[in-house]
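This report is intended for reading alongside the sequence and the three-dimensional model. It treats annotated positions, their surroundings and selected helices in turn.

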Amino acid sequence: MQNLFRMKLHNNTIRGVHTALAAIFEEGQYADKVIERTLKSNPKWGARDRSFIAETTYEMVRWWRLINFLSPSKDPYDLFGTYWLMQGHSLPPWEEFAKINPDKIKEKYEKLDDPAKLESVPDWLFDLGKKELGDKWEAEIHSLNQEAQVVLRVNTLKITREQLKNRLAEDNIHTHIIKGYPDALILDERTNVFRNAAFKEGMFEVQDASSQLVAQALAVEPGMRVIDACAGAGGKSLHIAALMQNKGKVLSMDLHEWKLQQTKLRARRDGVSIIERKVIEGSKTIKRMKETADRLLLDVPCSGLGVLRRNPDTKWKLSEESIAQVIQTQQEILQSYPSMVKPGGQMVYATCSILPSENQDQIAKFLASEAGKDFTLIEDQKVLAQESGFDGFYIARLQKK
C-alpha cells in the first residue's frame, strides 16, 4: 500500500474519492458497487489513479469515525487531508488544505483514549462486541480493521495449485501457499486478477481462505446429492462441485433468481456441469425436498462482522435492530431447512460473523428444539481474524440420525 501513496496528489482523483464517499455515506450505497461505478465514470484514469481511488476510498470508509473526529471540519479536503496525515504523509501547499494544522491533529490523536473511536466503530457495536467476545474483542476488531489479503481458490477441476502458481508467476503475479488450506493461493501483492487469462479460463476464483473451509467441512464425496440452500452467487457451490470432482449433483438454492444467474455464468466458466439452480418460492419448495440431501449447507444471512476487512462499510450500515432481525432469520432457516437432510446425512451451518449469538448460540437453540432433536453436533470451528489472519467465520457440522 505504501508504494501506492508515493504518487503525487491530483485534484481530480481526490474529487473521485469524495464522490464515492458521498454515495456511500449520504446515499447509503454499497462501497464495492460505488467504487466500480466511480472507476467506470472516468476512462482516462490510469492504473495508478484507479488503485489510488479504490484503496483510498476503502481506507477512508474503514477509518471514517476517527477521520471525522480528528478533522478540523467536514469539508471533503479537510477529511481527505486528515486521512493523508494519518497515513504518515505530508500535505502539499494547496489552498484547499490551508485549514489543516498537522500538529493539532497529531496532538488530538495522541490524547485520544476511547477505543471505539480509535478502532473507528460505532459505540453500540463496540459495546456489543465486548459483551459477546469479552477479552478477545479489542484484538479482533483491530484485526478486522486491517486490509484483507487477496486469496485465490484453485479450481482443481482444471488445474493443480502448483500449476496455477507457476502460471501466474509467468504473468508476474506471485503467490504463496499456507498450511491448512489445500486449495488456496495468497497473492504476495494486490493486483487485479480478474483481468488475467487464467481467471477468464476458469482456473481460479477469488475466495477468502476462511470461506474455503466451509465446503471442506461438508466432507462431500463424488456422486453425492448436495444442497447449498443459501447459495447466493454460488461461490461455495462451485467449491463443493470441485471437491466432488464434478460427479453427483449440487442443488444451488436461493430466494433471488438474479443471484443464481451469477452461479450459472460462473459454473460455465469453471467447467462445472453438476450444479442445478432452484429459486426458493416458499415453504413448499423446502417441503418437496424432504430427506433428499446427503449433505446440506446452510451458509445463512448474517451481520457480516467477520468480513469487515473487505466490506468496511458494513459497520456503518448495521444496527442493533438489523442484527436482531438477522438472528431471527437464521433460526427460522434452522427450524425449516434441515428437514431436507436424509437420515444419516450431514449438515453444515456457517456464518461470516464472529458473534456467538449468531453462531454457537443458534446451534444450541436448534439442537434443543423439536426440529433439531434428530441432529448431533460433530464439531464446530470458531474462526477469528486475529488468530487466522483471514476473515472471521463460524462453521458447525451436524449429523442426522
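The sections below begin with the basis of the model and then proceed to individual sites and elements.

## Basis of the model

The structure is a predicted model, in which local features need pLDDT of at least 70 and side-chain atom pairs count only at pLDDT 80 or more, whereas totals for chains, interfaces and linings use all residues. Residues are numbered from 1 along each chain as its sequence is written, and side-chain values use heavy atoms, with hydrogens and water left out.

Helices (H or I, at least four residues) and strands (E, at least two) are DSSP runs numbered from the N terminus. UniProt positions follow the numbering used here, with shortened feature names, and the annotations may be inferred rather than shown by experiment.

## The annotated domain

An unreviewed UniProt entry assigns residues 140-401 to the feature "domain: SAM-dependent MTase RsmB/NOP-type". In the model this span is 34% helix and 24% strand, and its end C-alpha atoms are 37 Å apart.

## The binding-site annotation and its surroundings

The "binding site" annotation in UniProt (unreviewed entry) covers Asp254 and Asp299. These positions are spread over 46 residues of sequence, yet they cluster in space, with a largest C-alpha distance of 10.8 Å. Asp254 belongs to strand S6 (residues 249-254). With a relative accessibility of 8%, Asp254 counts as buried; buried means under 20% relative accessible area, exposed means over 50%, and partly exposed lies in between (1.4 Å probe, protein chains only). Contact means heavy atoms within 4.5 Å. Neighbours within four places in sequence aside, the contacts of Asp254 include Ala229, Cys230, Ala231, Gly232, Lys259 and Lys278.

Ala229, one of these partners, is placed in the loop between strand S5 (225-228) and helix H13 (235-243). Ala229 is buried, at 2% relative accessibility. Beyond the neighbours within four places in sequence, Ala229 is in contact with Met253, Asp254, Ile280, Leu296, Leu297, Leu298, Tyr337 and Met340. Between Ala229 and Leu255, which are 26 residues apart along the chain, the C-alpha separation is 9.2 Å.

## The active-site annotation

UniProt lists Cys352 under "active site" (unreviewed entry). In the model, Cys352 occupies the loop between S9 and H18 and counts as buried at 19% relative accessibility. When neighbours within four places in sequence are left aside, Cys352 is in contact with Cys302, Gly304, Leu305, Gly306, Val307, Gly392 and Phe393.

## Helix H18 and its cover

Helix H18 (residues 360-367) has Gln362, Ile363 and Phe366 buried. Viewed down the axis of H18, the buried residues fall within an arc of 100 degrees, so they line one face of the helix; the arc is that of the directions from the helix axis to the C-beta atoms. The elements covering these buried residues include helix H17 (320-336), strand S9 (341-351), strand S10 (375-383) and strand S11 (393-400).

Ala241 lies in helix H13 and is buried, at 0% relative accessibility. Apart from neighbours within four places in sequence, Ala241 is in contact with Leu157, Asn246, Val250, Val272, Ile274 and Ile275. One of these partners, Asn246, is in the loop between H13 and S6 and has a positive phi near 60 degrees although the residue is not glycine.

A positive phi, about 65 degrees, also occurs at the non-glycine residue Asn172. Asn172 lies in the loop between helix H10 (161-170) and strand S2 (175-176) and is exposed, with a relative accessible area of 62%. Within H10 itself, Glu162 is partly exposed at 44%.

## Packing of H3 against H5

Helix H3 (residues 47-62) and helix H5 (residues 76-86) have axes that come within 11 Å and cross at roughly 90 degrees. H3 is therefore roughly perpendicular to H5. Angles of 65 to 115 degrees count as roughly perpendicular, under 35 as roughly parallel, over 145 as roughly antiparallel and the rest as oblique. Axes are lines fitted to C-alpha atoms, for helices over the stretch in contact, and angles run from 0 to 180 degrees between N-to-C directions.

At this contact, Phe52, Thr56, Glu59 and Met60 of H3 meet Leu79, Phe80, Tyr83 and Trp84 of H5. The residues comprise six nonpolar, one polar and one charged. Here Ala, Val, Leu, Ile, Met, Phe, Trp, Tyr, Cys and Pro count as nonpolar, Asp, Glu, Lys and Arg as charged, and the others, Gly among them, as polar.
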